Amino acid sequence: MPLHYLEHYLLQTSDIAKSVDWYERVLQLRRGPTPDFGFPVQWMYIGDKDVLHITHGGAKASDNRKAYLGQQSQTPSGTGVIDHVAFRCSGLA
């Protein structure tokens, strides 16, 4: 099953706005279209590709978010917790 590229990663944080601001200012990612999952999330883009998804973690995670993504760390520390990393691949039997 060959990997083609890193699809995206999801970062849990206690402050979505501050995290989005940091990724915009420091790494020059940009905010872009974000599907409505029924919980707060912001997709960040390089060009036309979403590469980073930022959502609440820990105490701010909604029940809807927990149900959609499953169990997650209860306490984000530092700048946040990586919830998952997704790769694009082909050939999965």
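Me: Is H56 buried or exposed in this structure, and how should I read its relative accessible area?

Reply: The model is a predicted one, and the idea is to compare a residue's relative accessible area with a cut-off, where buried means under 20%. H56 has a relative accessible area of 18%, and therefore counts as buried. This histidine is placed in strand 4, which covers residues 49-56.

Me: Which residues does H56 touch, leaving aside those up to four places away in sequence?

Reply: With those sequence neighbours not counted, H56 is in contact with T13, S14, I16, P40, A61 and R65.

Me: Which residues make up the largest nonpolar core, and what is the general idea behind looking for one?

Reply: In soluble globular proteins, nonpolar side chains tend to be buried together. Here the largest nonpolar core has nine residues in all, namely L11, I16, V20, Y23, L29, M44, V51, L52 and I54. Helix 1 and strand 4 are the elements that give two or more residues to this core. Taking L52 as one of the core residues, and again not counting residues up to four places away in sequence, we find that L52 touches H8, Y9, L11, Y23, L29, Q42, W43 and M44.

Me: How many aromatic pairs does the structure hold, and how is such a pair described?

Reply: A pair of aromatic rings is described by the distance of the centres and the angle of the planes. The structure holds three aromatic pairs. One of them joins W22 and Y23, with 4.9 Å centre to centre and 85° between the planes, an edge-to-face arrangement. Within this pair, W22 is partly exposed at 38% relative accessibility, whereas Y23 is buried at 12%. Another pair, formed by F37 and W43, is tilted, with 6.1 Å centre to centre and 40° between the planes. F37 has a relative accessible area of 24% and so is partly exposed, while W43, at 14%, counts as buried.

Me: Which residues do ring pairs link into a cluster?

Reply: The cluster consists of F37, F39 and W43, which are linked through ring pairs.

Me: Which residues form a nonpolar patch on the surface, and how should I read its area?

Reply: For a patch, the accessible area is given for its residues together, and in this case W22, V26 and L27 form a nonpolar surface patch of about 270 Å². L27 lies in helix 1, residues 16-27, and counts as partly exposed because its relative accessibility is 46%. W22 thus belongs to this patch as well as to the edge-to-face pair with Y23.

Key: Residues are numbered from 1 along each chain as its sequence is written. This is a predicted model: local features need pLDDT of at least 70, side-chain atom pairs count only at pLDDT 80 or more; totals for chains, interfaces and linings use all residues. Side-chain values use heavy atoms; hydrogens and water are left out. Patches are made of residues with over 30% relative accessible area and no salt bridge: like charges are joined within 9 Å, nonpolar side chains (Val, Leu, Ile, Met, Phe, Trp, Tyr) within 5 Å. Accessible areas come from the Shrake-Rupley method with a 1.4 Å probe; for residues, only the protein chains shown count as cover. A salt bridge is a side-chain nitrogen of Lys or Arg within 4 Å of a carboxyl oxygen of Asp or Glu. Helices (H or I, at least four residues) and strands (E, at least two) are DSSP runs, numbered from the N terminus. Buried means under 20% relative accessible area, exposed over 50%, partly exposed in between (1.4 Å probe, protein chains only). Contact means heavy atoms within 4.5 Å. Rings of Phe, Tyr and Trp (its six-membered ring) pair if their centres lie within 6.5 Å; planes under 30 degrees apart count as stacked, over 60 as edge-to-face and the rest as tilted. A nonpolar core is a set of buried Ala, Val, Leu, Ile, Met, Phe, Trp, Tyr and Cys residues joined through side-chain atoms within 4.5 Å.
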